[in-house]
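Biologist: Could you walk me through this chain, please?
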Amino acid sequence: MFNFTLKEFAGAELKKYTVKRNTNVIGVGVVTENTFTTSDVQMLIYKSQKYQQNPSNDDGGNRQGRLNGKVEKKYDVKENDIITVEGIEFEIKYFIPRIYSDFNEFELVMKNGY
């Protein structure tokens, strides 16, 4: 079915990461947050840019680390999900779909840049 699989590409580099998703449910004047967490998502995460300086008038600027990743399409990973990599939380910002493969690519941005 697929010409290119993530296991062929990554092999032993695949690791399991925790994915967290906050979903806001708006009720009658009440907003509740439901958190979905799973730790069985196998993916490849790699460095794309070590740091990026973001100017800000409020605090003099901050630095954000950037990582990219690849995850199999069978996992329900979406934009704005939070992935913990070595104790640091990263947020999925952009998905880059792959057509003839069993995985999608994505870009991670540090949730609380420093």
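Modeller: Helices (H or I, at least four residues) and strands (E, at least two) are DSSP runs, numbered from the N terminus. The chain has one helix and six strands. This is a predicted model, where local features need pLDDT of at least 70, side-chain atom pairs count only at pLDDT 80 or more, and totals for chains, interfaces and linings use all residues. Residues are numbered from 1 along each chain as its sequence is written, and side-chain values use heavy atoms, leaving out hydrogens and water.

Biologist: What pattern does the chain follow along the sequence?
Modeller: The pattern reads α-β-β-β-β-β-β.

Biologist: Where is confidence lowest, and where highest?
Modeller: In pLDDT (the predictor's confidence in each residue, from 0 to 100), β2 is lowest at a mean of 71, and β6 is highest at 88. The chain has a mean of 77, with 68% of its residues at 70 or more.

Biologist: Which residues have the most contacts inside the largest nonpolar core?
Modeller: They are M43, I45, I83, V85, F106 and L108, in a core of 15 residues. Such a core is a set of buried (under 20% relative accessible area, 1.4 Å probe, protein chains only) Ala, Val, Leu, Ile, Met, Phe, Trp, Tyr and Cys residues joined through side-chain atoms within 4.5 Å. Strands β1, β2, β3, β4, β5 and β6 each supply at least two residues of this core. A second, separate core of five residues includes A10, L14, L44 and F103.

Biologist: And what percentage of the chain counts as buried?
Modeller: The figure is 33% of the 114 residues.

Terms used. Buried < 20%, exposed > 50% of the residue type's maximum accessible area, 1.4 Å probe, protein only.
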